[in-house]
Amino acid sequence: DFSELKNSLGYMFKLAFNLSPCQLEDLSCPDKLALILQLNNLTPNEIILEITEQHALCSNAQLETLNRLRMHGFGLSLDDFGVGFTNMSQLKNLPFTEIKIDRTLISNIETDQFSQVVVSSLIDITNQEHLELVAEGVERPEELAYLRHYKTRLAIQGFLFSRPKSKSEFIDWAQYWIK
């Protein structure tokens with residue numbers, strides 16, 4: 001349970017969950033999620049909902065649901081950016097609070113000039129639009145070394161840091177990292 005994590009780690013963090021395209025088609029989804037959180041003593045600002053880029057803009061209902069989720073205060077992450085059809089100029093008009101760069105743009109970034117240009121452009125755009133930016137799928141020290149010069153403007157995640165863990169393993173791991 002989330003309150004156990006908050007109490008064990010002693011600082012504020014957010015939980016991220018994936019939403020499916022069919023959940024985004026349901027215009028009552030934001031109200032249902034807000035009720036679930038209220039029943040569990042949580043608030044929408046403690047949650048980031050991840051929406052895969054390929055499915056984020058398939059219908060007007062999905063866009064309306066995204067807007068309603070933002071109005072409730074949920075964080076919205078455009079996940080797997082780089083594998084779908086969202087272009088750079090659309091980013092400023094979408095209700096996302098975070099963009100997660102897909103592994104395909106991170107893999108071998110230290111030698112891939114195309115990926116370097118895309119990531120650099122995303123950093124500029126997300127800074128200008130006050131969005132969070134996450135590089136996902138960092139698996140090699142070379143990728144981390146390249147991305148480190150963006151460290152103040154880019155969160156980095158991947159198997160290089162940790163594989164998925166059970167709740168108790170995560171708490172132990174996080175307490176070690178906090179120290």
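Q: On a 1 Å grid over the protein atoms alone, a pocket is an open set of points where a 1.4 Å probe fits, with protein on both sides within 12 Å along at least five of seven lines; what volume does the second largest pocket have?
A: The second largest pocket holds about 200 Å³, a volume being the space filled by probe spheres set on the points, which are joined across faces, edges and corners. This is a predicted model, in which local features need pLDDT of at least 70 and side-chain atom pairs pLDDT 80 or more, while totals for chains, interfaces and linings use all residues. Residues are numbered from 1 along each chain as its sequence is written, and side-chain values use heavy atoms, without hydrogens and water.

Q: What makes a residue part of the lining, and which ones lie closest to the centre of the second largest pocket?
A: A lining residue has an atom within 4 Å of a point. The second largest pocket has 13 of these, with F17, L33, I36, L37 and I47 closest to its centre. β1, α3 (29-39) and β2 each supply at least two, helices being DSSP runs of H or I with at least four residues and strands runs of E with at least two.

Q: How many residues of each class line the second largest pocket?
A: Its lining has 10 nonpolar, three polar and no charged residues. Here Ala, Val, Leu, Ile, Met, Phe, Trp, Tyr, Cys and Pro count as nonpolar, Asp, Glu, Lys and Arg as charged, and the others as polar.

Q: What does the largest pocket show on the same terms?
A: The largest pocket has a volume of about 1500 Å³. Of its 36 lining residues, I156, Q157, G158, F170 and W173 lie nearest the centre. By class the lining has 19 nonpolar, six polar and 11 charged residues, and α8 gives the most, with five.

Q: Which residues of α3 are called buried, and why are they placed on the same side?
A: C29, P30, A34 and L37 are buried, meaning under 20% relative accessible area with a 1.4 Å probe and protein chains only. The face turned away carries Q38 and L39, which are exposed, that is, over 50%.

Q: Which elements do the buried residues of α3 pack against?
A: They pack against α2 (21-25), β2 and α4 (60-72), contact meaning heavy atoms within 4.5 Å.
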